[in-house]
Amino acid sequence: MKNSLDFLISPYTRERFFQDYFEQRHLHIKADDPERFNHILSAATLEHIVSSQKLTLPNTRMAHKDSDLDANQLTLEGTNIIDLNRVIEKYSEGATLILSQLQDRVETLKSLCNTLTADFGQRFQTNIYCTPGNSSQGFTIHHDTHDVFILQIEGSKDWKIYESPIELAIKDQGFKQELHQPGAVIDEFSMNPGDLLYIPRGLMHAAKTSNKRSIHITTGFMGFTWQDFMIDKINKLSQEHLDLRRGFQPDFWNNPQQYEAVYKRILGILGQPQELQSGLNHLYQHSLNRFRVSTLNPIAQAEAIHHLNLDTQLVVEENSMSFVEQISDTELSITLYNKEVTLPAALMPVIDFITETKSFQLKDLPLLDDVGKINLAQTLLKAGMLRSKTLRQERATEVLNGFATSL
């Protein structure tokens, strides 16, 4: 798949990536094909969006390493609508145009984020950076608080990677110039069209253009950490264990021995092996609640729900994220896209068939009679786990893909 992690990091394998690079060091992959990422975003698509769509704060901004650009200076008076004349002015002076959350407008960017989100089980989003030539630079040396993959679309940028004072910076360790000084340069290289760069959070870096403009996609990895795990776990366990809801008496800071017994009991709760699995499951369910489903042709899909027959071809929604668990002897639960579907536990083999087969005719569902097959399919179509693969759907997809390509 041309949006998967395997595609992005090729010719590296994912095993090598996670063993040698993930959360450890940067990875620059030079491209054999300068058009490798053009199916995701092109310069023509970006120009069309900027010229024809209403851009607003806070998802449109500009940056220049030598000046403090107030985003409100870019808007029409009294509104949050971007004044394109101001964009042209600042861009001509060397400022970088930054478009955030563009995956909500461009289907190919949405597909990229959805594919990576489903792969990692954690949320991705995009920023698009368009920087003029002549050694322009949007930002000075800095670090980010989330991992990023950078896809070079057009032009080139000269990058420097520095020794960093913070390893794997978390959200509360955002870059502050007065506190975070870079160390020595550890790598220098140019990013050319089709190149990919992975930068783990906390690693200091800077980039500037050559003689031509540069366009690149930064897709940010909004990942969970052990800090998130512990906070989430404590919050959940507090509903179940009285010790975690107890308070402290006056002068508590001078009497730690008074709380040793409670503290040890709490550590004992956290140390139970089953708490690891339940905590990881709960974090993944958080991902599902934050994930925005991307369904092609939603109106056609809604209509298809009422026109199912046993010959209908159904497929698991591409990049579908779901969490299936048996919650009792009689019930199973499917969590997807901030919704939960409860079904009889006896249907677990049917759900297993669906998730493993991916594409099937409705009549192929095991165990159920004809009415039961249609009822289950309608439920899962409404929930967004399945979609109907009809000639109408395929044709609509072709039209949409053609539209995206022509932008």
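**Exercise 1.** How many helices and how many strands does the protein have?

*Solution.* Start by noting that you are looking at a predicted model. Next, go through the secondary structure: the protein has 12 helices and 16 strands. For the overall dimensions, turn to the principal axes, along which the C-alpha trace spans about 70 × 70 × 50 Å.

**Exercise 2.** Describe the accessible surface and the charged side chains of the protein.

*Solution.* Begin with the area, which comes to about 21200 Å². Carbon and sulfur atoms account for 50% of that surface. Now for the charges: there are 39 positive and 51 negative side chains. Finally, compare where the two sets are centred, and you will find their centres 2 Å apart.

**Exercise 3.** Which residues make the nonpolar surface patch of about 410 Å², and is W226 buried or exposed?

*Solution.* Step one is to list the members: W226, M230, L276 and L280 make this patch. Step two is to find the helices behind the patch: α6 (226-237) and α8 (273-290) each supply at least two of its residues. Step three is to zoom in on W226, which lies in helix α6. Its relative accessibility is 58%. Exposed means over 50%, so W226 counts as exposed.

Definitions and conventions
Residues numbered from 1 in each chain as written. Predicted model: local features only at pLDDT ≥ 70, side-chain atom pairs only at ≥ 80, totals over all residues. Heavy atoms only, no water. Helix = DSSP H or I, 4+ residues; strand = E, 2+ residues; numbered from the N terminus. Areas by Shrake-Rupley, 256 points an atom, 1.4 Å probe, with all protein chains shown as cover. Lys, Arg positive; Asp, Glu negative; His and termini not counted. Charge placed at Lys NZ, Arg CZ, Asp CG, Glu CD. Patch = residues over 30% accessible without salt bridge, like charges linked within 9 Å, V, L, I, M, F, W, Y side chains within 5 Å. Salt bridge = Lys/Arg side-chain N within 4 Å of Asp/Glu carboxyl O. Buried < 20%, exposed > 50% of the residue type's maximum accessible area, 1.4 Å probe, protein only.
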